[in-house]
Amino acid sequence: MVSLTLTPMMCAKLLRHTSPARQSAFYRASGRWFDAVIGRYGAMLNWVLDRQAATLWVFVGTLALTVVLYVFVPKGFFPLQDTGVIQGISEAPQTVSFAAMAQRQQALAQAILEDPAVESLSRRSSA
């Protein structure tokens, strides 16, 4: 809705025609570049439209390849080469003492090891 109503009105209000005498070199160069891009796009579009059957076959092949890859490519949240390591960081207020933080780390480690899916745990303290 915006593209069909507001945008053309804004272009009419905000974009003013600049006479060639007042155009900068960058303005003229970028205009030539945009014209070349539009010309190249038009030529490529005509080339594709002249070969509609081939374009349709390329689309069908791409769609079929997408389905085949979806079926056969392994999917999963964790990659197969995952070693099963999860890293976590525990934080405490800056006012906590080293002994209190060590005690909190011990309690956290004990809680994690109670999970039957956890085989082992290693931890590192940093100052």
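This is a predicted model: local features need pLDDT of at least 70, side-chain atom pairs count only at pLDDT 80 or more; totals for chains, interfaces and linings use all residues.
Local features need pLDDT of at least 70 and side-chain atom pairs count only at pLDDT 80 or more, while totals for chains, interfaces and linings use all residues. Residues are numbered from 1 along each chain as its sequence is written, and side-chain values use heavy atoms, without hydrogens and water.

**Exercise 1. Describe the fold and the spread of the chain.**

Step 1. Assign the elements. The chain has four helices and zero strands. Helices are DSSP runs of H or I with at least four residues, strands are E runs of at least two, and both are numbered from the N terminus. The order from the N terminus is α-α-α-α.

Step 2. Compare with a globule. The radius of gyration is 32 Å, well over the 14 Å of the globule rule for 127 residues, so the chain is more spread out than a compact globule. The radius is taken over C-alpha atoms, and the rule is 2.2 Å times the number of residues to the power 0.38.

Step 3. Check the extents. Along the principal axes, the C-alpha trace spans about 80 × 45 × 30 Å.

Step 4. Check burial. Of the 127 residues, 3% count as buried. Buried means under 20% relative accessible area, exposed over 50%, and partly exposed in between, with a 1.4 Å probe and protein chains only.

**Exercise 2. Characterise the largest pocket.**

Step 1. Take the volume. The largest pocket holds about 1000 Å³ of space. A pocket is an open set of points on a 1 Å grid over the protein atoms alone, where a 1.4 Å probe fits, with protein on both sides within 12 Å along at least five of seven lines. The volume is the space filled by probe spheres set on the points, which are joined across faces, edges and corners.

Step 2. List the lining. Of the 29 lining residues, Gly 88, Ile 89, Ser 122, Arg 123 and Arg 124 are the closest to the centre. Lining residues have an atom within 4 Å of a point.

**Exercise 3. Contrast Gln 105 with Glu 91.**

Step 1. Gln 105 is in helix α4 (residues 98-113). Glu 91 is in the loop between α3 (52-72) and α4.

Step 2. Read the accessibility. Gln 105 is buried at 16% relative accessible area. Glu 91 is exposed at 73%.

Step 3. Find the partners. Beyond its neighbours within four places in sequence, Gln 105 is in contact (heavy atoms within 4.5 Å) with Ser 90 and Arg 123.

Step 4. Gln 105 and Arg 123 are 18 residues apart in sequence and 8.5 Å apart in space. Glu 91 and Arg 104 are 13 residues and 9.8 Å apart.
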